[in-house]
Amino acid sequence: MSSSSSSRRRRVGRGGRLGRNPLAVTEPGAAEETRAWAELPLDAILSVLDYLDHVDILMGPGQVCRSWRSAARDEPDLWRRIDMLGHAELLNELNLHGMAQEAVRRSAGRCEAFWGEYAGDDDFLLYLGDQAPSLKSLRLISCDDVSDEGFTEAIQKFPLLEELELSLCPYVGESGVFGVVGKACPQLKRFRLHRDGFYYLDTRDYDMDQEALGIATMHELRSLQLSGNRVTNKGLEAILDNCHHLESLDIRRCFNVNMDDTLRAKCVRISSLRLPYELNW
């Protein structure tokens, strides 16, 4: 930028009366360019918005002009698959739970996928259950405010669910919740459960296969990823014996599993198999 151009911008801003300063409109093509953005057809605006994720859309494009605001708010197809991943840095700056609810509201009942990182609590899940009866994909990552109770109530409202991920959600998994998932979501084909930590056998009075026995009721599973889970041979055998369509199995960091001859024989039909000590990600 030239020094003369920079000084012009400073003079325009200092007076606070841009409308009367000819420098605000004398740059070639400035007025035409502004009108072009405002007059873009809806299909073109939606094509631009498709390149943004939904947190970005909620934070910005609606401020451009009336036509962009209308596209961002009043076009349900734009919110059919909601992606709110990858914004952990905004956790303490924005109400991500509220933004998630607003995104679902804009879908007008057509939401088929919701992916949220730090964006989801019990109240939101219940709202999602009421507003998204056709949900097919649900991914929750680092959602510390989701509990067994809230998740159990909400999951029963998603009979068409085909994909479920619960990564780093520490308060979901006990109380037989995965058995509820198996009954409520008979079309579930992909399930990912990622725990933060290594679990070894110990002497506590605790059934470390509780989660696995619930997963064994998900009879239509094609893909299963258990990362850092407490599952033992008993639980894994139950899954293999009951999930006959399983094609992909990832049990990395499941160090309570001992791949003996029995388990290896049951895994022969698995086309993609990742074992506990395969730590490359």
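Here are some notes on this predicted model, for someone opening it for the first time.

1. Ground rules. Numbering starts from 1 along each chain as its sequence is written, and side-chain values use heavy atoms, with hydrogens and water left out. As this is a predicted model, local features need pLDDT of at least 70 and side-chain atom pairs count only at pLDDT 80 or more, while totals for chains, interfaces and linings use all residues.

2. The chain has a mean pLDDT (the predictor's confidence in each residue, from 0 to 100) of 81, and 73% of its residues reach 70 or more. Confidence is highest in strand β7 (residues 248-250), at 98, and lowest in helix α1 (residues 3-15), at a mean of 35. Helices (H or I, at least four residues) and strands (E, at least two) are DSSP runs, numbered from the N terminus.

3. Stretches to treat with care. Residues 1-34 stay under 50 in pLDDT, and the model gives them eight contacts (heavy atoms within 4.5 Å) beyond four places in sequence. Residues 199-203 also stay under 50, with twelve such contacts.

4. Strand β2 and its partners. In β2 (residues 113-117), four of the five residues are buried, meaning under 20% relative accessible area, with exposed over 50% and partly exposed in between (1.4 Å probe, protein chains only). On one side of the pairing list, β1 (residues 81-84) runs parallel to β2 over four bridges; strands count as paired if DSSP finds at least two bridges between them. Arg81 stands opposite Ala113, and Met84 opposite Gly116. Five bridges join β2 to β3 (residues 137-141), again parallel, with Phe114 opposite Leu138.

5. The crossovers. From β1 the chain passes through helix α6 (residues 96-106) to β2, a right-handed β-α-β crossover. That label means that, with the strands pointing away from the viewer, the path from the first strand over the helix to the second runs clockwise. β2, helix α7 (residues 122-131) and β3 make a right-handed unit too.

6. A look at Glu220. You'll find Glu220 in the loop between α10 (210-215) and β6 (223-227). Glu220 counts as partly exposed because its relative accessibility is 29%. Leaving out residues up to four places away in sequence, Glu220 touches Pro186, Leu188, Lys189 and His245. Arg190 is 30 residues from Glu220 in sequence, yet their C-alpha atoms are 8.7 Å apart.
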